[in-house]
Amino acid sequence: MEEHAPRFNLSIVSSDVEVGGARLSAEYALSDEEIAIAHWWVLINCEEVKYWKELHLNFPEVNGDLEYHNMTFANYFRTWMDMIKSDDNPNWSHELLLLAMQPQRARVYPTCTVNGVKFVSEERDSRRRTQNSGVMAKGHGLDYYGVLHSVVELVYAEGMKVHLFKCRWFDTGAQSMKMDQYGNLSVNTATSAYEDDPFVFATSVKQVFYLDDLARGDAWKIANIVHPRNIYRAATLGVTIPGPEADAYQEPNAVGIHDVATVRQNNVKHGRVLRIRDEDSTFIDVDPNEETDDDSDDELRHRLPDINSDTEEDSSDDSDYEP
């Protein structure tokens, strides 16, 4: 597939995101309040808006009050973009004006591919034998773990699109996250937190594979950051880049993550800072002319025992799914 630069030159707009599957049903649609929260989240996390955000925070009537800032910044930003759009201000751009006008619509999807890695919503993932719904987002001194609820596509004027993940985050408190002596992080997936702050940029998350924690049992899962394998530069190997029909990377499924209906609500928002030990990447020299049976071996490694005998394997393609 031929690479192309984004049409809109904002850091939050990426050509590396491709939504997939039929749009989700009305029950997944964002309310007007959720759209406003999503738009606000985009504004305060957009690098190009940082100048205007700091300017507003230093206003005498705001005086660093974050709560007042969060309530009023979106309206101030829209007014500023309208007022100076004809001025030669280095901190103004046409894309920022489009962003200030708020999204015209919000579409919701069940799947998304980001830089070749496929993410699937928790509901759809529960009917598959592969696991692609686990997510991790880095915060300020704290990593947030959860599962993907849905993929949100905010559509601004002139077709400018910003892609967010709406997530169900697990509690980050010390009682819900445990690190063992080997650096393995175990998360209690029967907890939840940050219900009022579920959004994150699709391009800023890492995929997580949750394994059963046999020592703690029940809803405890060991979180493993997914490092996609067998990704090489096509120019080096002398092969063509696969088209959009190529399968995205997937991980085998780990069952037992509690769905939202059985989650124990827990709104603890502060806990001990826990960190995952970083793993060094391993690079392998590959001879493109050498025939191997890696594919068959990989398939065996990813095959899971049929531990959910009462659940039929979902072998249908995303495009055939009808929510």
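Mentor: A cavity is a set of points, on a 1 Å grid over the protein atoms alone, where a 1.4 Å probe fits but cannot get out, and its lining residues have an atom within 4 Å of a point. This is a predicted model, in which local features need pLDDT of at least 70 and side-chain atom pairs count only at pLDDT 80 or more, while totals for chains, interfaces and linings use all residues. Residues are numbered from 1 along each chain as its sequence is written, and side-chain values use heavy atoms, with hydrogens and water left out.

The whole structure holds one cavity of 30 Å³ or more, and the space in this largest cavity is about 50 Å³, a volume being the space filled by probe spheres set on grid points that are joined across faces, edges and corners. Its lining is made of Ile12, Val13, Ser14, Val17, Val162, His163, Phe201, Ala202 and Thr203; six of these residues are nonpolar, three are polar and none is charged.

A pocket, by contrast, is an open set with protein on both sides within 12 Å along at least five of seven lines. The second largest pocket contains about 1200 Å³ of space, and among its 31 lining residues Trp41, Asn45, His140, Tyr144 and Asp197 are the closest to its centre. Two or more lining residues come from each of α1 (32–44), α2 (50–57), α3 (66–83), β6 (134–138), β8 (161–169) and β12 (199–201), where helices (H or I, at least four residues) and strands (E, at least two) are DSSP runs numbered from the N terminus. Helix α1 gives the largest share, six residues, and the lining as a whole divides into 15 nonpolar, seven polar and nine charged residues.

As for the rings, eleven aromatic pairs are found in the whole structure, with centres within 6.5 Å and planes over 60 degrees apart for edge-to-face. Phe170 is buried at 1%, and Tyr210 is buried at 0%.

Terms used
Ala, Val, Leu, Ile, Met, Phe, Trp, Tyr, Cys and Pro count as nonpolar, Asp, Glu, Lys and Arg as charged, and the others, Gly among them, as polar. Rings of Phe, Tyr and Trp (its six-membered ring) pair if their centres lie within 6.5 Å; planes under 30 degrees apart count as stacked, over 60 as edge-to-face and the rest as tilted. Buried means under 20% relative accessible area, exposed over 50%, partly exposed in between (1.4 Å probe, protein chains only).
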